[in-house]
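Hi everyone, thanks for coming.

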Amino acid sequence: MELEQLQKTAAEVADREDVKYVIGWKKGSYGYRVAPGFIEDAAGAAELIFSPLCTANLATYLTLVEKLPVPRGQEADDRKVAVMVKGCDSRAVAQLLVEKGIGREEVVVIGCPCPGVVDPELLAEKYPETEETVEIKWTEDGFLLVRGEEEIEISRDELLAEKCRLCRYPNPVISDVMLGEPVETRELVEDEGVAEIENRDVDERAAYWEEQFAKCVRCYSCRNVCPLCYCQDCILDRLNPTWVNRAVNFSENTAFNIARAFHLAGRCIECGECERVCPANIPLGRLNRKLAREVRDKYGFEPGVDPEAEPFQASFKPDDPEDFIL
Amino acid sequence: MSAMLLKKEKWPEFVEKLAGKKLWAPGADGDAMRFAPVTEGETPALDFNNTRVPPKEALFPQTETMYRFQLGAEEMEEPQLEDETVLLGVRPCDARAMTIVEKLFRWDIDDPYYVKRRELVTVVGLACSDPGLNCFCTSVGGGPASTEGLDLLMVDLGDNYLLEALTEKGETLLESAGDLLEKADSDAVKEKEKLVLEAEKKIKREVKTEGVPEGLPGLWEDPLWQNVSASCLGCGTCTYLCPTCHCFDIQDETEGFESRRCRMWDSCMFGEYTLHTSGHNPRPTRRERTRNRISHKYSYYVDKFDVIACVGCGRCINLCPVNIDIVEILKKVEEAL
Amino acid sequence: MSATFEPNIVAFLCNWCSYAGADLAGTSRERYPANLQIIRVMCSGRVNPLYVMNALQQGADGVLVSGCHPGDCHYMEGNYYARRRLGMLKDLMEFIGVDPRRFHMSWVSASEGHKWKEVVEKTVEDAREAGPFEGFRRRQIDW
Amino acid sequence: MKTNGNPYIPHTATVEETWFETYGERCIKTFKVVFDDQEVRENWSHQPGQCAMIGVLGAGESMISISCSPTEGKFLRFSVMRMGKVTQALHQLEPGDKMMVRGPYGNSFPVDEWQGKKILTIGGGIGQAPLRPIVEYVRANLDQYEGLTMIYGARTSGDLCFKGEFEEMESCSDLSCHLTIDVEEEDWSGNVGFVPQMLLDLNPSPENTIAITCGPPIMIRFVLENLKKLGFSDEQIYTTLENRMKCGIGKCGRCNAGGMYVCKDGPVFSYAVLKEIPEAFA
């Protein structure tokens with residue numbers, strides 16, 4: 001996709017009367033960082049970029065913005081919000097529509113077919129970050145890192161984020177404006193991360209997750225970054241009743257992580273944001289993908305693909321599997 | 001006591017001499033992420049960049065039992081804090097943060113837990129020879145070898161560590177190491193000074209704080225707050241991982257009839273933090289919360305305790321999931337002033 | 001250990017079928033293990049997965065959820081939702097290393113006193129084999 | 001005073017008497033409590049306007065204003081609205097039960113400075129609770145003050161707290177008591193209308209007067225506006241703030257309003273101070 005086309009489209013959309021702002025990606029403050037940008041007019045669109053560093057799922061902001069009571073005498077601003085989405089992000093929008101978290105009329109979806117983003121941590125490990133912002137481009141079969149004069153070719157397998165390796169929806173499933181040509185879709189591949197854990201025995205699994213969950217600092221960034229965790233009144237914040245205590249220890253962390261993963265069963269669209277933002281590097285994606293796989297294999301359901309579908313946990317089929325029932 | 005030298009191969013022996021005290025060191029649990037108690041017989045490695053979770057948790061644990069009691073009874077049992085603790089390899093910025101936070105915990109009424117832990121701890125610092133990308137300690141009154149809050153400063157001189165005792169606690173520690181140490185000659189001291197200068201030069205990021213404490217309240221309604229907070233997720237990463245953030249929540253937790261009142265880190269970036277029971281929230285959106293976080297560090301704290309509550313460790317920049325960069329925010333503040 | 005270990009089981013029974021079934025087992029003098037702490041809920045669909053988590057956190061060694069047979073739900077379809085939800089929970093718990101023998105679900109109607117006895121025996125026996133649950137139990141308060 | 005050395009450890013007190021001020025889902029219950037320990041009881045001293053952290057072990061603690069004046073005796077009174085986890089647990093307490101109390105916290109009304117002045121209190125709803133001690137204090141020391149005017153309003157007559165006490169006040173010549181409710185009711189012979197409007201109607205002279213207000217944020221905002229209209233200077237206006245609090249001793253940071261710790265620098269602020277803190281009116 002050409003950057004020019006993206007910026008031109010964003011400028012057009014931002015200038016529309018009925019659009020509040022366009023949420024896109026812009027260059028971050030240093031190194032490999034990319035920050036979400038909120039573009040209110042055509043002039044701002046020049047900041048926007050789309051590169052293998054655009055990992056953030058911007059659909060989060062559709063539900064994150066606080067809805068305050070409108071002061072008396074003023075009118076509510078019900079203009080649309082335009083959001084740029086990759087394939088996985090578009091599934092979040094679709095799932096939000098399924099759950100009626102947002103209305104179709106509230107949002108303009110700008111679709112960006114995505115050949116796969118890099119794993120920022122892996123990247124920084126292999127090619128240390130510097131204070132200058134660095135550009136990365138997609139090439140035929142990998143990435144091109146442009147650092148000043150220097151250009152480094154990197155193969156796709158070396159840096160591709162785990163979620164992208166498993167991705168089957170690189171093209172937005174829903175969009176109002178589509179940028180560029182669709183990219184090639186890939187077949188379902190086995191999720192090695194999940195399989196690796198499944199192959200351990202119960203005690204080893206327990207030990208593995210104990211180690212992981214014990215690291216959690218309960219900053220709730222995984223919850224907040226998730227486009228589908230948007231309850232106004234989260235069960236984790238509640239004190240009355242207190243389902244999960246606020247103390248940070250292994251037991252409560254497990255309860256929190258299970259609650260979080262479970263609330264995403266049949267809803268997680270595998271954008272991998274929770275895993276990316278976790279300051280403790282807990283492999284949350286594995287939890288989510290395990291559930292997503294069970295939902296797909298056992299119940300034949302895939303969230304965020306069809307905006308007209310019924311929500312998974314609020315529907316049933318009479319012949320759902322029940323081999324686990326005594 | 002003047003500066004001493006410790007050969008690197010004698011580092012394990014040095015650690016052994018500290019037996020009997022509780023040792024905390026970075027990454028001791030096999031993960032370079034945080035400070036953790038060192039298991040006996042283990043020698044902590046000191047080749048690390050700063051930990052993700054600051055060592056504040058050694059003095060102000062993420063969850064701390066204040067007292068425990070049986071449900072229905074009236075007796076409360078307090079924890080006995082008496083273990084002498086040594087923190088190994090604390091970066092100068094984190095040690096400075098301890099002195100800053102201590103001002104609040106000693107303000108008017110002493111916080112018994114923090115003050116007690118602070119008294120029992122000996123902080124062994126490790127000067128930075130290779131500061132991180134987002135370090136800006138030199139802009140907020142610190143430096144790669146700042147000694148504030150430290151009892152003992154170690155400088156890595158290649159084959160040796162240069163040890164300088166800064167307080168009585170530090171000297172006692174050096175004395176206990178005894179014959180492991182050699183007196184440092186003037187060359188070593190010179191080398192240290194050179195290293196520190198070099199490290200300072202490596203720090204690229206800076207903030208200008210002049211006029212900020214006085215000026216911030218005047219920017220109350222400035223559009224910059226909306227701009228910088230638009231992408232904020234409202235998570236607690238920046239505050240939990242900040243060495244000077246010190247807010248906490250108090251909760252009663254019960255298991256069977258055993259109950260305890262404990263406190264845990266809290267974050268002003270959470271909506272629940274200021275929410276009144278009535279449903280009214282004085283800081284209803286991320287804009288107010290971001291404004292409060294920055295103002296508290298750079299203005300309110302300066303008013304009350306005469307020091308900026310930010311030590312420039314760069315953690316909030318490194319780990320913010322959406323690249324909210326405090327250096328950039330302060331640049332914008334400066335422009336708006 | 002396993003020979004003498006008596007597990008704590010928390011059982012969530014639906015008001016209309018399983019609770020009545022358990023009642024029937026009692027009135028028909030069926031003998032079954034007494035390791036159960038029964039919590040009556042209006043419908044198995046009412047059982048939030050967090051209840052199961054919480055039971056395990058607070059000292060249960062096993063959890064049983066029992067409701068009406070599919071199609072018999074007093075509220076028409078509550079047990080269908082429960083089946084989906086708790087099936088997923090079982091997968092998730094297994095994945096994080098909770099012994100699958102600790103969590104069971106069953107359909108017991110009001111007339112199945114004998115089946116109830118069998119379900120309880122199986123649940124208790126499984127939990128006994130799995131041993132005391134330590135996993136993510138809330139531990140003793142330490143300083 | 002005896003503090004156990006640890007300011008977080010509360011004193012045990014026994015509930016002597018309880019009664020309901022209002023009824024309904026968010027009912028207000030008043031507790032009269034006395035410390036168990038004689039030393040604590042003797043040494044406890046609080047000033048009108050201060051708060052205490054009260055709670056039940058196992059449920060938690062809440063910052064509640066002490067709604068009695070030290071002139072009333074060696075006991076404490078708290079009026080608590082049933083809202084969350086802690087206040088629900090508090091509402092379970094009956095005479096003879098134990099309540100945990102620590103404090104007193106915060107600054108207080110500068111009652112000594114105010115000697116020789118007229119006092120005007122303007123309260124709304126549960127906001128009367130922190131004002132009650134100053135009313136009682138002035139009543140007990142009437143010779144030191146020029147007089148007391150009390151304006152108090154609530155949504156309905158059923159929502160008025162301390163109803164029983166107002167009749168007595170009306171009979172005293174140095175005191176005047178004005179009650180108002182928001183909407184008309186059958187058996188209500190008093191004033192109907194909002195508190196800020198009633199203030200305008202009464203038109204008290206600002207001369208040698210101190211005005212103290214407490215109530216819901218929206219009421220405070222309009223009362224302040226109207227006081228300014230009446231010619232009150234910033235230094236003559238006081239209010240008590242509240243924010244979510246956890247520690248009570250200026251550590252936890254929860255109650256920050258701007259740079260102020262409401263639990264230590266407050267809860268009593270003069271408008272001259274408060275107007276510099278935009279967050280206080282948020």
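Predicted model: local features only at pLDDT ≥ 70, side-chain atom pairs only at ≥ 80, totals over all residues.

Let's begin with chain D. If you follow its fold, you will find seven helices and 15 strands. If you picture a box around the C-alpha atoms of chain D, taken along the principal axes, it is roughly 50 × 45 × 40 Å. Inside chain D, 52% of the 282 residues count as buried. Now think about contacts in chain D between residues at least 6 apart in sequence: 69% of them join residues at least 24 apart.

Next, let's see where chain B touches chain A. Here 30 residues of chain B are in contact with 31 residues of chain A. Which elements of chain B give two or more residues to this side? They are helix H9 (237-240), strand S10 (248-255) and strand S11 (258-265). S10(B) gives the most, with three residues. By class, this side of chain B has 14 nonpolar, nine polar and seven charged residues.

Now turn to chains A and C. There, 28 residues of chain A are in contact with 33 residues of chain C. On the chain A side, helix H8 (202-215), helix H10 (250-263) and H12 each supply at least two residues. The largest share comes from H10(A), with eight residues. The side of chain A that touches chain C divides into 19 nonpolar, three polar and six charged residues.

Let's zoom in on one pair of helices there. Helix H12 (residues 284-299) of chain A and helix H3 (residues 78-95) of chain C have axes that come within 10 Å and cross at roughly 140 degrees. H12(A) and H3(C) are therefore oblique to each other, and their crossing is right-handed. Which residues make the contact? From H12(A) they are A:Lys290, A:Leu291 and A:Glu294, and from H3(C) they are C:Met88, C:Asp91, C:Leu92 and C:Phe95. By class, that contact has four nonpolar, no polar and three charged residues.

Terms used. Residues numbered from 1 in each chain as written. Chains lettered and ligands numbered in written order. Contact = placed C-beta atoms within 7 Å. Helix = DSSP H or I, 4+ residues; strand = E, 2+ residues; numbered from the N terminus. Nonpolar A, V, L, I, M, F, W, Y, C, P; charged D, E, K, R; others polar. Axes fitted to C-alpha atoms, helices over the stretch in contact; angles between N-to-C directions. Parallel < 35°, antiparallel > 145°, perpendicular 65-115°, else oblique. Left-handed = near helix turned anticlockwise from the far one by under 90°. Buried ≥ 20, exposed ≤ 12 C-beta atoms within 10 Å, placed from the backbone.
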